[in-house]
Amino acid sequence: MELKLLELGPRRLALELGGVSAAQSNAIRRALLADVPKLAIDDVEFHLGPIRDESTGKDYDSSTSMFDEAVALRLGLLPIPTDLGQFRRRSECSCKGEGCAHCQVMYSIDKKGPCTVYARDLVPLGDAELAILEPEVPIVRLGARQALLAYATAVVGNARDHAKWQVVHAVSIQPRATVKIHKRSGCSAACLKRLAEAAPEGLLEFANDRLSYTGGDDASRPLLLLGTQKLCEHGSLEVVVDDADHLVTFETDGSLSPRDALRYALKNLKGRFEELREAVQAIP
Amino acid sequence: MTMMIPVRCFTCGNVIGQHWDAFRERTAAGEPAGQVLTELGLSRYCCRRMILSHVDLLDEVGPYG
């Protein structure tokens, strides 16, 4: 199995896997989507009843124009930077699920209207590095006599249980393809021109009676011509698909780096097959 | 109905809520919406429609809440 890194950004990774089947790539895709754990807010405790501003003596109402459940969901979906070396699931923690510094993070939010509450208003109790990654996400808007006072607890979870624990999104796998252009006998200039016109923008060019591929080095683009090649019945345009090479691209929400997410997904796959191996070994 | 901009894209799960304020201000100033979305880094059409088709209704509903 060969690996070629095409792009590594803070939240995006593209690589080419050589000598893999579609089933293997798909297993990686599924593990990336569902098996990479992260921190997300799972429990929110809202203060109910009047909220007093000590400095002015003014009373605020704790109900906002959005249900508490809707606010809690919005808080849950916010990305939290997660160090999987530091945090583990509650069920696997030495505190036996009671909650400790290794399995949960507490946040507080205290805002008085009129204002818009943003993700940056959610303050981590303790380590400031655990602040929400996208501070500009609006959570709720408060009216003149409304206030929001709440405590939130983030725990490590899995995307199989809820989308808020999904680290990786937009995973794509596609076979590597190359474009071959040979003017076959019987094919006319008009036929080639029609191909250039029908192709997605910027992929084919027809000039001086010649058809050329203009998609550049981007390995994901030749596959876009699969439909176009059928328009020439003589076979002058050919998209050759190599099923043993796959392009894998995905993005993360920033809670883990793409490299860590991929490493964890592969570790998880390995662990699951190891369990299977042990089960098979136990067959008498 | 979503009264405020959703936090994440319904389809792919990308966090998109943080772009709403910038998108609203820039389009109000006359910039073309498509160009603003591209410059905000929203490349997929699922994420683009989240912002493009959103109507902020919380201020309409607020007085009755």
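1. Basis. This is a predicted model, in which local features need pLDDT of at least 70, side-chain atom pairs count only at pLDDT 80 or more, and totals for chains, interfaces and linings use all residues. Residues are numbered from 1 along each chain as its sequence is written, chains are lettered from A and ligands numbered from 1 in the order written, and side-chain values use heavy atoms, with hydrogens and water left out.

2. Interface extent. Chain A puts 22 residues in contact with 18 residues of chain B (contact: heavy atoms within 4.5 Å). The two chains bury about 1800 Å² between them, 56% of it on carbon and sulfur atoms. Buried area here is the accessible area (1.4 Å probe) that two parts lose on being put together, summed over both. In chain A, the residues that lose the most area to chain B are S65(A), R74(A) and R141(A), together 32% of what that side buries.

3. R44(B) and E251(A) meet in a salt bridge, at 2.9 Å, N to O.

4. Who supplies the surface. On the side of chain A that touches chain B, the elements giving two or more residues are β7 (115-118), β9 (138-142) and β11 (168-181). Strands are DSSP runs of E, at least two residues; helices are runs of H or I, at least four. The largest share, 4 residues, comes from β9(A).

5. Helix α4(A). The 24 residues of α4 (258-281) should span 34 Å at 1.5 Å a residue, and the end C-alpha atoms are 34 Å apart, which agrees. The expected span is 1.5 Å times one less than the number of residues. P258(A), A261(A), L262(A), A265(A) and L269(A) are buried (under 20% relative accessible area, 1.4 Å probe, protein chains only). The buried residues of α4(A) pack against β1, β2, α1, β11 and β14 of chain A.

6. Chain B overall. Chain B has 4 helices and 0 strands. Its C-alpha trace spans about 35 × 30 × 15 Å along the principal axes. Of its 65 residues, 45% are buried. Among contacts in chain B between residues at least 6 apart in sequence, 55% join residues at least 24 apart.

7. N14(B). This residue lies in the segment before α1 (20-28) of chain B. N14(B) is buried, at 15% relative accessible area. Beyond neighbours within four places in sequence, N14(B) is in contact with residues including H169(A), L42(B), R44(B) and C47(B).

Notes: A salt bridge is a side-chain nitrogen of Lys or Arg within 4 Å of a carboxyl oxygen of Asp or Glu. Buried means under 20% relative accessible area, exposed over 50%, partly exposed in between (1.4 Å probe, protein chains only).
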